[in-house]
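Subject: the model you wanted to look at

Hi,

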Amino acid sequence: MDRSDLLNMLDLENGSEFTYFENLADLLETDGERPPEALVPLLEEVDMSVFSELLENYFDDLMDHLPNNGVDIYNILEAEKRTLVSLSGNVLSGEEDSLRRLSDELERFHTWFSLTENCVCSNDETNESRMMPLRDALSQHRLSGLDGSSWSFDFDEALGYEVEDYIVSFEELAESGLESEER
């Protein structure tokens, strides 16, 4: 897969059009593996301040719709959000090799979230259980809220995801300090 394949998958003409929540959802939720280096040419064209905001919104939406027993998954998603937002900030500030690190981390998350069958989902009415990726388990949870079905979710196998060390920039520290003072 190369840049043009990725743009076709996302239904975009170029990376500068990557401005919508759906673009990020498509990027992180698609089936099929892709080499991290396929993301670099796309990310070079993306407005990183917009991308950072999309990441925050996407992860906040995920975390707002977790099952009651999803506290540990919430913590992983929160840490991953901070990591990805920080990495996108590093790209904005021109830090060396930050684009490659961001693409590697995005693909690592994509594999864990959308491709790896790491959740057991059980229909409480039929006692049917099946393994599925976290992406699909969270979709099933949302669907059960709409169709009234009852499902149980076991996230134990997904808890092995290790979030890379979160590096806080001085700018982020200053901004969070200002936000705290304003409250």
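Asparagine 90 touches Glu95, Ser98 and Arg101, leaving out residues up to four places away in sequence; contact here means heavy atoms within 4.5 Å. This asparagine lies in helix α5. Helices (H or I, at least four residues) and strands (E, at least two) are DSSP runs, numbered from the N terminus. Asparagine 90 counts as buried because its relative accessibility is 8%; buried means under 20% relative accessible area, exposed over 50%, and partly exposed in between, with a 1.4 Å probe and protein chains only.

Before going on, some housekeeping. This is a predicted model, in which local features need pLDDT of at least 70 and side-chain atom pairs count only at pLDDT 80 or more, while totals for chains, interfaces and linings use all residues. Residues are numbered from 1 along each chain as its sequence is written, and side-chain values use heavy atoms, with hydrogens and water left out.

Back to helix α5, which covers residues 71-92 and also holds serine 88. Serine 88 is buried, since its relative accessibility is 0%. Beyond its neighbours within four places in sequence, serine 88 is in contact with Met48, Phe51, Ser52, Leu55 and Leu102.

One of those partners, Phe51, turns up again in the core. The largest nonpolar core has 47 residues, and Phe18, Phe51 and Trp112 have the most contacts inside it. A nonpolar core is a set of buried Ala, Val, Leu, Ile, Met, Phe, Trp, Tyr and Cys residues joined through side-chain atoms within 4.5 Å. Helix α4 (residues 48-64) gives the largest share of this core, eight residues. As a general point, nonpolar side chains tend to be buried together in soluble globular proteins. With neighbours within four places in sequence set aside, phenylalanine 51 contacts Phe18, Leu24, Leu43, Val46, Ser88, Leu102 and Leu106.

Leucine 28 sits in helix α2 (residues 21-29) and counts as buried because its relative accessibility is 0%. What does leucine 28 touch, not counting residues up to four places away in sequence? The list is Arg34, Tyr58, Leu106, Phe109, His110, Phe113 and Ser114. The C-alpha atoms of leucine 28 and arginine 108 are 10.0 Å apart, with the two residues 80 positions from each other along the chain. Histidine 110, for its part, belongs to helix α6 (residues 98-115). At 0% relative accessibility, histidine 110 is buried too. Outside the four places on either side in sequence, histidine 110 is in contact with Leu27, Leu28, Glu29, Thr30, Gly32, Arg34 and Leu115.

Now for the sheet. Three strands form an open sheet in the order β2-β1-β3, with antiparallel pairing; two strands pair if DSSP finds at least two bridges between them. The edge strands, β2 (129-133) and β3 (151-154), each pair on one side only. On average, neighbouring strands are turned by 30° against each other, direction ignored. Helix α7 (residues 134-147) packs on this sheet and touches β1, β2 and β3, and its direction makes about 120° with that of β2. Those angles run from 0 to 180 degrees between N-to-C directions, using axes fitted to C-alpha atoms, for helices over the stretch in contact.

Strand by strand, β1 and β2 run antiparallel and are joined by five bridges. Glutamate 117 has proline 133 as its bridge partner in β2. These two strands make a hairpin with five residues between them, and asparagine 127 in the turn has a positive phi of about 60°. Five of the seven residues of β1 are buried, so the strand is mostly covered.

Finally, how many disulfides are there? The count is zero, where a disulfide is a pair of cysteine sulfur atoms within 2.5 Å. Cysteine 119 is in no disulfide, and its nearest cysteine sulfur, that of cysteine 121, is 5.9 Å away. Cysteine 119 counts as buried because its relative accessibility is 0%, and cysteine 121 is buried at 0% as well.

Cheers
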